[in-house]
Each structure stands twice: as C-alpha cells, then as structure tokens.
Amino acid sequence: MSLSKSVTGSLLSAPTVLYMAVFFIVPSLILFAYSFWSAASYQVVPDFVLKNYLGSLTSPLFWKVTFNAISIGLWTATITLILAIPVAYYLVYVARSQTILYLILLTWFSSYLVRIYAWRTLLGTNGVLNTVLLQLGIIDHPVGAFLFSSFAVTITLVHIYLPFCILLVVASLSEIKRDLIDAARDLGTSSIGAFCKVIAPNAANGLIGAFMLTFILVAGDYVTPQMLGGSSGQTTGLLIADQFRKTGNWPLGAAQAFLMFLVSLAIYFALLTAGRMSGLVVHRPRKKKEA
Amino acid sequence: MKAPTPIIEIRDGKKSFGSFVALENINLTIHEGEILTLLGPSGCGKTTLMRLIAGFEGLTSGTLRVSGEDVAAVPPERRPVNMVFQRYALFPHLDVFENVAFGLKVKGLAKSEITERVKRMLHIVQLESLANRYIDELSGGQCQRVALARALVNEPKVLLLDEPLAALDLKIRQHMLAEMKRIHAETGATFIYVTHDQDEAMILSDRVVLMEKGRIVQIDRPEDMYARPKSLFAAKFLGETNLFETAVADSGAQGTVAKTASGIGFLSRNGAGHKAGDKVVVSIRPESFSFANNDEGSSQKTQGQVEDVVFIGSRSFYTVRLDDQAKIRIQVQRNGRVKPPEPGSRATIYWDADNVVMLPQA
C-alpha cells in the first residue's frame, strides 16, 4: 500500500506545522489582538483602539529608536554580507575540504554574552585597542568613544552574525555550479566579472535572503546595543522589551512589534525592487509552456 | 592541397596536481580547421589536456602555443578559444538569445552587430524560434545547440568540446554528430573534441589522439588507427578484436611469421621490426576473418567448431572454438552467394596477411 504524495507530504510536515501553529501563529494572533487593546495600571483591558499604533507613529522617540535599529541593522547586514561573500566563494569554489566550514560553526559554541563582554574588554578605556594606540603614540589619552557607540555595536554584531551569514551565502552559492564561472571566463569575463555577471544574478535571491535574515536578527537584537551602544543603543527591540517588562503596557509593545515587522517587510520589498531595477535580480516571468 | 598550418602546439607538456601526474610527455600539433579527437578511458587526462588549452589549468612544464604564441601567461578570457562544456554550463538567468550574446556583450560590440551575429548563429543551430526561451524550458538536444552557438558566435580559432554528447540519448547523439559535422563545415573552426566513445571519434574526426594514463599512445587518422593500432591498448580500445599470444618464428621479405603455442601460424605484412623469438600479440579484427577463401595467394587458414551465431540484420557474429580451444569472434556480412556454416558444424576460417597486426606485449 502506498500513500499519495500529498498525504505523505502532510504527514511529514504535520508535527512542524502543528508546533508552529500552536507556538507561533496563535501567539502572534493573540499579540495582534493585544495591539488593539488598552492598558490601565498594569492591566490589559480588552478593547478596540488604534491609539497604540497612532501613538507610536506620532512619537519622536519611537522613530528615533527605530531609525537606530534600522541603521544598525543595515550597516551590520551590509558589512556582514560583504565579508561573507568572499569567504563563501572560497568555501564553495576553491577549498576542497570542509574544515574551515566546521571552524566557522565552532564559533557558535562560545556564548553570546561572553563575546559582548570580550568586545567591552577590547574597546574599553583600558582595553586592548586603546592600549595599543597609546603605546604606538597615535593617541595620548584613552579614547572613550570606542565603547558605547554605534561603532562598538556594529563591530560586535558583525562578529556575532558573520558565521550565520556565511552559512546562508554558502547555501545559496552551492546551488550554482563552478562550470558557470568557467563558462563566463571562457566567454571573456575576468573572475570578478564572472561573479558579477553570472554568480550574483543566479544567487541574488539567496544573497538578498542572507542580507534580510541578518538584518532582521540584528535590528531586533536589543542586548548588544544596550550593553555597548550607550545613548545610541536605544533600539526598537529595547523599547518593545521595556513595554513588556517594565511598563507592563503589552498592547503598546504589541503594536510596536507589528510596526517593526511592517518596517522590515517594507525594507525587503524596497531592496528587491532596487535589485530588479538595477538588473541584478532577474525577474523571470514564468511563461506557460505550450501544450 | 597546401600544407596544414599548426594552430596549437604542445611540446614536452607535463601537468601534475601535487604528486599526481595527470599528463606527461605530451607532444601534439593541431592543425587549423581539422576535427581532432582526444580519445581515451576516463582518467586518461583528456579533459585535463583540454582545460590546459582553454586556460583553466597551466602546464607544470613544457610549452603550449596557440597560433605560434606561448600562452602560459594568457588567462582563459583572453585566449582565442571557446569551449562547450560537458553539462553545457548555460546561464540559467538568461534566455537563449542572451546566452548566445554573452561573449559578444563582454567584448563590448555594438548592439546591432550582436543582434545580427546571434541571429545568424541561432539560424545555423536551428534555434531561431526558441530565442526567448529560458534554459530550463529546453530539451537536452536544444541545450546542446545553445552551448555550441554560445561558443561559436565568438568565432573562436579553436572550439573545444568536452564530451558534448555524453548527456544525450543515443538517437539525439547520432543526429547531433551529423549536425556537428555540418556546423564544422559551415564555420571552418578547428574542433578539439574530447570523448571516451570510440564511435563518436571515428565518425567525427580527421585525426584521433588516443590517450592512456596521462600519455598520448597514438595519433592517427581513425581508419589507420583502427587498421594499424600500434599497441595492445589501441587495438583493444578501438573496436573489437581477436588476440593471440604468439612468438615470432621467422621474419623475411614476404612478411613476419608468428606461431601460437598450439602451432597456429600467422603471416603478417605489418610485423616489420620484430625478430625471431620475440613474443608478440597478434590482433585480427572480427571482420577480417572469413569462412570463404577469397584470395588463393595470401590467405591463411585454420579450423574450428562453430559454437554460436548472433544475427543482427546486415551482419552476423560467429563464435568459433578453434582446435586449441581458443575462442574467436567472426563478423560476416550478409551475402547471398556464400552460405555460412551452421552452429555445431566444423568450419575452415581464412584470413589475409594484410589484416594481421603484430603488437608488442603490454
């Protein structure tokens, strides 16, 4: 006896679908409902108001921290992707062993918080960077601005999310055969030309995916900005977390979470449109084959 | 006919990857306009040799010249050579037209010229109607034509073809072979064709370069290589053959005579260079044996028992057990006049001294 393909497919995916439905979709819907409720003295009251959204949209603080989060996210994702592409190219097309890939995975064995503290040590007033610069005579007193700046936040987030981004880029390049590079070179392009004209367009969706996933994770990260960002470390993630933890205004936090979600979505589509307009992402109209 | 102009010359070429020697003692001159096949079993170095010519690999030692110029320092994008890849390596993000136009665009030609040349090339490979299709909407044979067109549109001096028909089924393969000959005639480019398929090599080539374990074993016209293999490997690799372990008994003006241990004698007119007492392997093709004595003067004969007949239309294959128990295969062309022997019957087998090839033992 054999099951039809659709039945087999449903059975195989059922546990995940069920899990995601119970622990992601339902909570998200509850959160969405909350975003229209109102809060009074640490109590959530069922209601239907738009003030959580309207209040956030008209609040300068919300826009300031959202701008912070997006700017940190875009910078980090851009730098991470630029650093990840050559490594992934090397791993997919040049290296014959997987050792380096395993070494990259190994970095995940170190704790997130430990790495943040490591950067505090490196960048602090008595940190490695200041000491070296002092010794070299480049500066005559420790620079405090290394720490508690968007520079510190970005450098740390790049460090944390780079391995993740490399894996995503490796996955998207792996689907593109080495032959295509040879063919492009055979037809007159340099190696860099071959990457730009053949690899990048074919990997574009994967590369945008890697960028966006890194962006979303970074823009939503509120621990690193909080611990290393100083006054510039106020991000939407932290603001939202505060609504839930400190102020107890769950409806406002929920509304802000959904606004952040919409902002991320908008950035994704902006990126995709830019990619298509520049010709980097090829939009293939799927023609129906004649029967 | 004027003397052929060399277009590619390799002298004492050697290529190693680490401690592995992929190619050694490569001396090869390829002439302008010919179809040359690099033939050999997988791992013999034929693909490496082609990648050297394309510029994807560099020689470890020796020289490689294209049109007289040493190209050691010339990267693939600046060689007057284009390649058709085994798996085509067509660009999935471009349609047929754009794939073919790729090389011309990189060269920065005017748009009108690109359009004109691509259209002409698509006409040659008969793909005009599919110009706007994407690669995943094409059949294997169509992909093959796009790959050919994409390479040929650049008007390369040399076209390299890396087992271009390996991924196609038999029927399309035969059709594409004929197409390839036609396109060769139409473009006049030099074709270097890599294959492990002896039939493709025979059908297509002006000359065949037979390779084994990183070395060139023999370079010859296909018919010469088939009729006069210079080694046991060549005799076995090209076509089918019957082999006999023998020792040279006599070498004289009328030819060389060698005998098997059981006493069957072979007179050969192709055995010069072997002296009495030498161990040689005698190779006779199945079609060189006959059940009828055609030529009283030079025919030699022995006797055996017909064991099996396989009839395949115009030809039949006979398995005959000789009196010393050796089995031979005989191919007989269908012929109304001569009645071939029945299975189980005894038969006399004839052959001609011209078709006896003596080879040194491997």
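**Rings, charges and strands**

Guide: Start with Phe244(B), which is buried at a relative accessible area of 7%. Keep in mind that this is a predicted model.

Visitor: Why is Phe244(B) called buried?

Guide: The relative accessible area of Phe244(B) is 7%. Buried means under 20%. Therefore Phe244(B) counts as buried.

Visitor: What makes the pair of Phe244(B) and Phe266(B) tilted?

Guide: The ring centres of Phe244(B) and Phe266(B) are 4.8 Å apart, and the planes stand at 40 degrees. Rings pair if their centres lie within 6.5 Å. Stacked needs under 30 degrees and edge-to-face over 60.

Visitor: Where do the two partners sit in the chain?

Guide: Phe244(B) lies in strand β11 (residues 242-252) of chain B, and Phe266(B) in strand β13 (residues 265-268) of chain B.

Visitor: Are Phe91(B) and Phe102(B) buried or exposed?

Guide: Phe91(B) has 0% relative accessibility, and Phe102(B) has a relative accessible area of 7%. The cut-off for buried is under 20%, so both count as buried.

Visitor: How do you know that the charged end of Arg150(B) sits over the ring of Phe91(B)?

Guide: The charged end of Arg150(B) is 4.6 Å from the ring centre of Phe91(B). The distance limit is within 6 Å, and the charge must also be within 35 degrees of the ring normal. Arg150(B) is listed as sitting over the ring. Likewise, the charged end of Arg285(B) sits over the ring of Tyr226(B), 4.0 Å from its centre.

Visitor: What makes β3 and β9 of chain B a strand pair?

Guide: Strand β3 (residues 35-39) and strand β9 (residues 207-212) of chain B are joined by 4 bridges and run parallel. At least two bridges are needed, so the strands pair. Leu39(B) stands opposite Leu210(B) in β9(B).

How values were computed
Residues numbered from 1 in each chain as written. Chains lettered and ligands numbered in written order. Predicted model: local features only at pLDDT ≥ 70, side-chain atom pairs only at ≥ 80, totals over all residues. Heavy atoms only, no water. Buried < 20%, exposed > 50% of the residue type's maximum accessible area, 1.4 Å probe, protein only. Phe/Tyr/Trp six-rings, centres within 6.5 Å; stacked < 30°, edge-to-face > 60°. Helix = DSSP H or I, 4+ residues; strand = E, 2+ residues; numbered from the N terminus.
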